Structure formats: structure tokens, C-alpha cells
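Take a look at the chain below.

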Amino acid sequence: MNDEAKMSFLEHLGELRKRILWSLLSILVFFIPAYAYSAKVFDWLMLPIIKNLPEGSTLIFTRPTEGFTTYLKVSFFAAIFAAFPFILYQIWKFVAPALYKKEKKIVIPFILFGTILFLIGGSFCYFIAAPAAFKFLLGEYSSEYVKAFPSISEALFFFMSLIIGFGLVFEFPLVVFVLSRLGIVTSSFLREKRKYAILVGAVLAAILTPTTDAISMMFMFVPLLIFYELGILVAWIFGKKREKVSESEADTIV
């Protein structure tokens with residue numbers, strides 16, 4: 001029995017390694033064409049920063065290789081977004097063996113809604129949260145004698161971290177959906193841990209938001225609270241459905 005459990009555990013590790021490698025390969029495939037358009041993507045990404053630069057400020061680079069490495073980062077960032085549906089598919093392939101036969105058929109909605117939520121989170125950051133954060137960070141501490149000259153590499157990393165962080169935060173309902181299907185979490189469990197979730201949400205917002213201002217942190221913290229409450233509803237709906245499926249399969253076996 002122990003040998004079987006050990007082999008099962010090793011098989012899971014092997015499957016996880018396989019899914020990670022396929023995900024990295026998909027990013028690499030999109031990285032190559034993304035580099036061809038990296039200049040246009042960079043210009044588009046920098047718009048929220050450029051529009052909120054104080055008068056007399058500009059973006060700069062201070063190392064000879066900084067321009068080149070920045071475009072590599074842009075290409076990698078664009079490749080992650082392009083490959084995200086495939087990455088979700090690899091996640092689904094990893095968790096699918098633990099699902100019931102009927103549940104495995106919802107792979108397309110899983111990928112579709114997961115991609116949409118990620119894009120909505122990134123768009124929320126790009127159009128709403130980031131401009132407000134840049135306006136405060138770049139304008140509040142600039143003066144006649146102090147000018148902001150952000151490095152393109154640091155500014156890009158800062159912005160990419162924000163966008164990916166918001167994209168992942170918006171995936172929370174989907175994560176709860178999968179965990180409730182697996183029977184790991186329930187709606188009652190989430191309700192009982194609400195006060196701890198608020199504390200953890202504040203910590204996550206502080207970590208995922210690479211800033212020290214409260215504005216950008218609140219832009220991430222509020223959606224976290226909203227999605228946690230939505231996650232309770234998701235767990236209640238789909239957790240109930242899983243129980244019904246389990247009961248029907250048990251009756252069939254009997």
C-alpha cells in the first residue's frame with residue numbers, strides 16, 4: 001500500500017513537471033514573434049507612465065544593454081499573455097484526474113473564463129489602477145528642484161508586476177471553483193475564515209503591489225475582498241453540484 005502511494009506521488013510529480021515544461025515551451029513559442037513587435041508593445045505599455053510624467057521628466061536608460069534587456073522582458077511579458085490559455089489547459093490537465101467524468105467536460109469554459117478573468121484583471125490595472133498609482137508616485141514627490149527620471153527597465157518591471165498581479169488576483173473565483181470541485185474547500189469553510197482572509201488579502205495586496213502608496217494597494221485589496229465573497233458563492237454552488245454527482249455515482253455503484 002505504501003509503495004503504491006509512493007509511486008502515485010512520484011507520478012504526480014512527473015505529471016507536474018510535464019505540465020510546467022509544456023507551459024514554458026508555449027511561452028517560448030510566442031516569445032519569438034513577440035520580440036518582432038517588442039518595440040510597439042513597449043510603447044503601448046509605457047503610455048500610462050508617460051501620460052503621468054511631471055513636466056520636465058522623461059524615461060531614461062543608464063546601461064548600454066538596458067534597452068536590449070528591456071525589450072526581452074517586454075517579449076516575455078507579451079508571450080505570457082499570448083500563451084495563457086494554453087497554460088490554463090496544462091493546469092486543467094494536471095487537476096483533471098481528480099475530477100468526475102462529467103466535470104472533465106467543462107475544460108473549454110474553464111480556459112475561456114480563466115483567460116477572460118486574467119485579461120480583465122490586466123485591463124483593470126492598465127486603465128484604472130496603474131494611472132492613478134503613477135500620477136501619485138511620480139507627481140506627489142516631484143517639485144521645481146526634484147524631477148522624476150524613471151529607468152525604462154525598472155519602470156517596465158514595476159508595471160509588469162502590477163499587471164500580472166492584478167491578472168492573478170482576478171483568477172480567484174476560478175481557483176475556488178477548482179478547489180470546491182476537488183472537495184478541498186467549501187463555502188462554510190470560506191465563511192468561517194473570512195476574518196483571516198481579510199488579513200491575508202491585505203498582506204497579498206501589499207506584496208503583489210510593488211509600491212509603497214495606499215492607493216494602488218487599495219485598488220488590489222478591494223477586488224480581493226469582492227472576489228473572496230464571490231468565491232464563497234462559487235463554492236456553495238459548485239460544491240453542492242459535486243455532492244450530487246458523488247451521490248448519483250454511489251447509487252450507480254450500489
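Predicted model: local features only at pLDDT ≥ 70, side-chain atom pairs only at ≥ 80, totals over all residues.

Helix α3 covers residues 66-95, which is 30 residues. At 1.5 Å a residue it should span 44 Å, and its end C-alpha atoms are 40 Å apart, so the two values agree. The helix has a kink, though. A bend of about 55° lies at Phe-84, shortly before the proline Pro-85.

Now compare helix α2, residues 38-50. Its 13 residues reach 17 Å from first C-alpha to last, close to the 18 Å expected. Several α2 residues are buried, among them Phe-42, Leu-45 and Met-46. Pro-48 in α2 is buried too.

Step back to the whole protein. It has nine helices and zero strands. Buried residues make up 39% of its 254 residues. The accessible surface comes to about 15,200 Å², and 71% of that belongs to carbon and sulfur atoms. Take the contacts between residues at least 6 apart in sequence: 83% of them join residues at least 24 apart.

The loop between α2 and α3 holds Ser-57. Is Ser-57 buried or exposed? Its relative accessible area is 13%. The cut-off for buried is under 20%, so Ser-57 counts as buried. What does Ser-57 touch, beyond residues up to four places away in sequence? The answer is Lys-147, Ala-148 and Phe-149. A polar atom of the Ser-57 side chain lies 2.9 Å from the backbone oxygen of Ala-148.

Next, the aromatic rings. The structure holds 15 aromatic pairs. Here are two of them.

| Pair | Centre to centre | Angle between planes | Type |
|---|---|---|---|
| Phe-81 and Phe-118 | 4.8 Å | 45° | tilted |
| Phe-124 and Phe-166 | 5.8 Å | 45° | tilted |

Each pair links distant parts of the chain. Phe-81 sits in helix α3 and Phe-118 in helix α4 (residues 107-140), 37 residues apart. Phe-124 is in helix α4, while Phe-166 is in helix α5 (residues 152-169), 42 residues apart. Phe-118 is buried, with a relative accessible area of 2%. Phe-166, at 1% relative accessibility, also counts as buried.

Some aromatic residues group together. Trp-44, Tyr-126, Phe-127, Phe-134, Phe-158 and Phe-159 form one aromatic cluster.

Conventions. Residues numbered from 1 in each chain as written. Heavy atoms only, no water. Helix = DSSP H or I, 4+ residues; strand = E, 2+ residues; numbered from the N terminus. Buried < 20%, exposed > 50% of the residue type's maximum accessible area, 1.4 Å probe, protein only. Contact = heavy atoms within 4.5 Å. Areas by Shrake-Rupley, 256 points an atom, 1.4 Å probe, with all protein chains shown as cover. Expected span 1.5 Å × (residues − 1). Bend = angle between axes of the 7 residues up to and from the residue. Polar contact = N/O pair within 3.5 Å; in protein donor to acceptor, adjacent residues only side chain to side chain. Phe/Tyr/Trp six-rings, centres within 6.5 Å; stacked < 30°, edge-to-face > 60°.
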